[in-house]
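Please look over the structure below before reading on.

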Amino acid sequence: MASPLEQFAIQDLTAPLFSIGGHHIAVTNSAVFMMGAVVLSSGLLLAGAGKGAMIPGRIQAMAELFYEFIANMIRDNVGSAGKKFFPFIFSLFIFTLFGNILGMLPYGYTFTSQIAVTFFMAMVVFLGVTLIGLFKHGLHFFSLFFPHGAPLFTAPILIPIELVSYLSRPISLSVRLFANMTVGHVLLKVLAGFVIALGFFGVIPLVVLVAITALELLVALLQAYIFTILCCIYLNDALHLH
Amino acid sequence: MPVQALRTSVAAAALIGLPFAAQAAGMPQFDLTRFPTQIFWLVVCFAVLYFLMAKAVLPKIGKTIESREHKIQADLDAAQKANDAARAAGVEQDKALAEARGQASGLIREASEAAAAQTSAKLHEVSDRLGAEIAAAEKRIGEQRTQTLAGLGTMSTEIATAVLGKLVGSADPAQVARAVDEAAKAGKP
C-alpha cells in the first residue's frame with residue numbers, strides 16, 4: 001500500500017518552462033488544480049455576474065450569495081474602512097474554498113494542504129496588514145502590543161506576550177488550514193486502504209469513509225471561512241487598533 | 001459524533017508528531033525544494049483571480065444588487081404612497097358619509113317636527129271648533145232651559161188658575177201668579 005502521504009507530493013507534469021533565481025518552474029499537479037480553481041470559480045462567478053438580472057437565476061443567486069456573504073463578513077468584522085479590501089478578501093475566500101473543494105474530488109489534488117501555499121498566503125496577509133497598520137497609524141501602531149487601560153507596570157510581561165501572539169499569527173493561520181486539509185486527506189486515504197484490506201468486512205470502514213467525506217466537505221467550507229474571517233479580524237486590528 | 005472524535009484524535013496525533021513524521025515519512029509538504037514552484041503558481045493564479053474579481057465580477061454583482069435594492073425601495077415607496085392615498089380616500093369617504101348621515105337625520109327631524117306641528121295645529125283647530133260648538137250647544141240648552149223654566153211659571157199659573165176655576169169657580173189670574181211665584185221661590189232650596 002502506498003503511503004497516505006504520497007498524495008501530497010508535488011509532481012512536475014511538464015518539462016521546466018523557465019527558471020527564476022535558479023529554481024526551475026514546471027507545471028505541477030498542484031499548479032493544475034490552482035488553475036482549475038481559478039478557471040472554475042471565475043467561470044461560475046462571471047456567469048453569475050453576467051446577466052445582472054433583477055430576478056437572479058441559480059448561478060447568479062450563488063454568485064450573489066458569495067458576494068453578500070463576504071460583504072457582510074467585512075462589514076461586521078472590519079467596518080466601512082474594510083471596503084477597499086473587499087476584492088482581496090473575496091478572492092482569498094474563493095481561492096481557498098475552491099482549493100479545498102476541488103481537493104475532495106477523486107484523483108483531485110488539494111493545494112491548500114501545502115504549507116508552502118498556506119504559509120505564503122498567511123505571510124502576505126500578515127505583512128500586508130502590518131504595513132497597512134503602520135501607514136495608517138505610524139508609530140502609534142505599536143500600541144497594539146499593549147492592551148488599552150492595563151497598568152503600566154504590567155508592560156514588561158504584556159508586551160512580549162502580545163508580540164509573540166502577533167508574530168505567531170501567520171503560523172497559526174497557515175498551519176490551521178494546512179493541517180486540517182492534510183489530516184482530512186490522510187484519514188480518507190487510510191480508511192480507503194482499510195476498505196480494500198478487509199475484503200467483505202471493508203463495508204464497515206466504507207460507511208465511515210462516506211461519513212468522513214461528508215465531514216471533510218464541511219471542513220473544506222469551514223476552513224475557508226475561518227481563514228478568511230481571521231484575515232478580516234487581523235485587518236480590523238490594524239485599521240482600528242484597540 | 002464519533003467521526004469527529006476520530007478526526008480530532010488523528011489531527012492531534014498528526015500535529016504532535018508532525019516534525020517527526022515529516023522527517024520519518026518524508027512529508028512532501030516539507031520538501032523545501034518544491035516551495036518556489038508552488039509560490040510562483042500561487043502568485044500567478046491568485047493575481048489572475050484577483051484581477052478578474054476586482055475588475056469584472058465584483059463591480060457587476062455589486063451594481064446588480066444595488067439596482068435591485070433601489071427597485072425594491074422604489075416599489076415599497078410606491079406601495080406606501082398608494083396605501084396613504086387609499087387611506088386618505090377612506091377618511092374622506094367616511095367624512096362624506098358622516099356628513100350625509102347628519103344631513104339625513106336633520107331632514108328627518110325637520111320633517112317629523114313639521115308633521116308634529118301640523119298635527120297639533122289640526123288638533124287645536126278641531127278642538128277649538130268642537131269647543132265652540134259645545135259652547136253654542138250649551139248656550140242653546142241654557143236658553144231653552146230658561147225659556148222652559150219661564151214657560152213653566154206661566155204654565156203652572158194657568159194650571160193653577162184652571163184648577164182653582166174648577167174648584168172654586170173663579171180665580172184672579174194675577175193673584176194666582178203671585179202665589180205660584182211665591183210657592184216656586186219657597187220651593188227652591
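Two residues are said to be in contact if their C-beta atoms, placed from the backbone, lie within 7 Å. In this predicted model, 47 residues of chain A are in contact with 39 residues of chain B. The points below are grouped by topic, beginning with the chains themselves.

**The two chains**

- Chain A has 7 helices and 2 strands, and, read from the N terminus on, its elements run β-β-α-α-α-α-α-α-α.
- The C-alpha trace of chain A spans about 70 × 50 × 45 Å along its principal axes.
- Of the 242 residues in chain A, 37% are buried, and among the contacts in chain A with a separation of 6 or more, 60% come from residues 24 or more positions apart.
- Chain B has 4 helices and 0 strands, so that its elements, from the N terminus on, are written α-α-α-α, and buried residues make up 11% of its 189 residues.

**Where chain A touches chain B**

- As stated above, 47 residues of chain A and 39 residues of chain B are in contact, and the elements of chain A that give two or more residues to its side are β2 (23–25), α1 (29–50), α2 (58–77), α3 (86–102), α4 (115–137), α6 (169–197) and α7 (203–240).
- The element that gives the most to this side of chain A is α1(A), with 10 residues.
- Sorted by class, the side of chain A that touches chain B has 36 nonpolar, 10 polar and 1 charged residues.

**The packing of α1(A) with α3(B)**

- The axes of α1(A) and α3(B) are 10 Å apart, and the two helices pack at an angle of about 0°; because angles under 35 degrees count as roughly parallel, α1(A) and α3(B) are described as roughly parallel to each other.
- On the side of α1(A), the residues that make the contact include A:Ser30, A:Met34, A:Val38 and A:Leu45, while those of α3(B) include B:Trp41, B:Leu42, B:Cys45 and B:Lys60.
- The residues of this contact between α1(A) and α3(B) divide into 16 nonpolar, 4 polar and 1 charged.

**The nonpolar cores**

- The largest nonpolar core has 61 residues, and those with the most contacts inside it are A:Met34, A:Ile70 and A:Ile89.
- The elements that give two or more residues to this core are α1, α2, α3, α4, α6 and α7 of chain A, together with α3 (35–168) of chain B.
- Leaving aside residues up to four places away in sequence, A:Met34 touches A:Phe111 as well as B:Trp41, B:Leu42 and B:Cys45.
- A second, separate core of 5 residues includes A:Val186, A:Leu187, A:Leu191 and A:Ile212.

**Two helix pairs within chain A**

- The axes of α3(A) and α7(A) come within 8 Å and cross at roughly 160°, which makes α3(A) roughly antiparallel to α7(A), and the crossing of these two helices is right-handed.
- Among the residues that make the contact are A:Ile89, A:Phe93 and A:Asn100 of α3(A), and A:Leu221, A:Phe227 and A:Cys231 of α7(A); by class, this contact of α3(A) with α7(A) has 11 nonpolar, 4 polar and no charged residues.
- The pair α4(A) and α7(A) packs at an angle of about 20°, with the axes 8 Å apart, which makes α4(A) roughly parallel to α7(A), and the crossing of this pair is right-handed.
- The contact of α4(A) with α7(A) is made by residues including A:Val125, A:Ile132 and A:Lys136 of α4(A), and A:Cys231, A:Tyr234 and A:Leu239 of α7(A), and by class it has 8 nonpolar, 2 polar and 1 charged residues.

**Two single residues**

- A:Tyr107 lies in the loop between α3 and α4 of chain A, and A:Tyr107 counts as exposed because it has 6 C-beta neighbours inside 10 Å.
- Most residues other than glycine have a negative phi. The phi of A:Tyr107, however, is near 65°, a positive value in a residue other than glycine.
- A:Ala155 is found in helix α5 (residues 155–167) of chain A, and with 14 other C-beta atoms within 10 Å, A:Ala155 is partly exposed.
- The C-alpha atoms of A:Ala155 and A:Phe145, which are 10 residues apart along the chain, are separated by 9.2 Å.

How values were computed. Residues are numbered from 1 along each chain as its sequence is written. Chains are lettered from A and ligands numbered from 1 in the order in which they are written. This is a predicted model: local features need pLDDT of at least 70, side-chain atom pairs count only at pLDDT 80 or more; totals for chains, interfaces and linings use all residues. Ala, Val, Leu, Ile, Met, Phe, Trp, Tyr, Cys and Pro count as nonpolar, Asp, Glu, Lys and Arg as charged, and the others, Gly among them, as polar. A nonpolar core is a set of buried Ala, Val, Leu, Ile, Met, Phe, Trp, Tyr and Cys residues joined through C-beta atoms within 7 Å. A residue is buried if 20 or more other C-beta atoms lie within 10 Å of its own, exposed if 12 or fewer, and partly exposed in between; C-beta atoms are placed from the backbone. Axes are lines fitted to C-alpha atoms, for helices over the stretch in contact, and angles run from 0 to 180 degrees between N-to-C directions. Angles under 35 degrees count as roughly parallel, over 145 as roughly antiparallel, 65 to 115 as roughly perpendicular and the rest as oblique. A crossing is left-handed if the near helix is turned anticlockwise from the far one by less than a right angle, and right-handed if clockwise.
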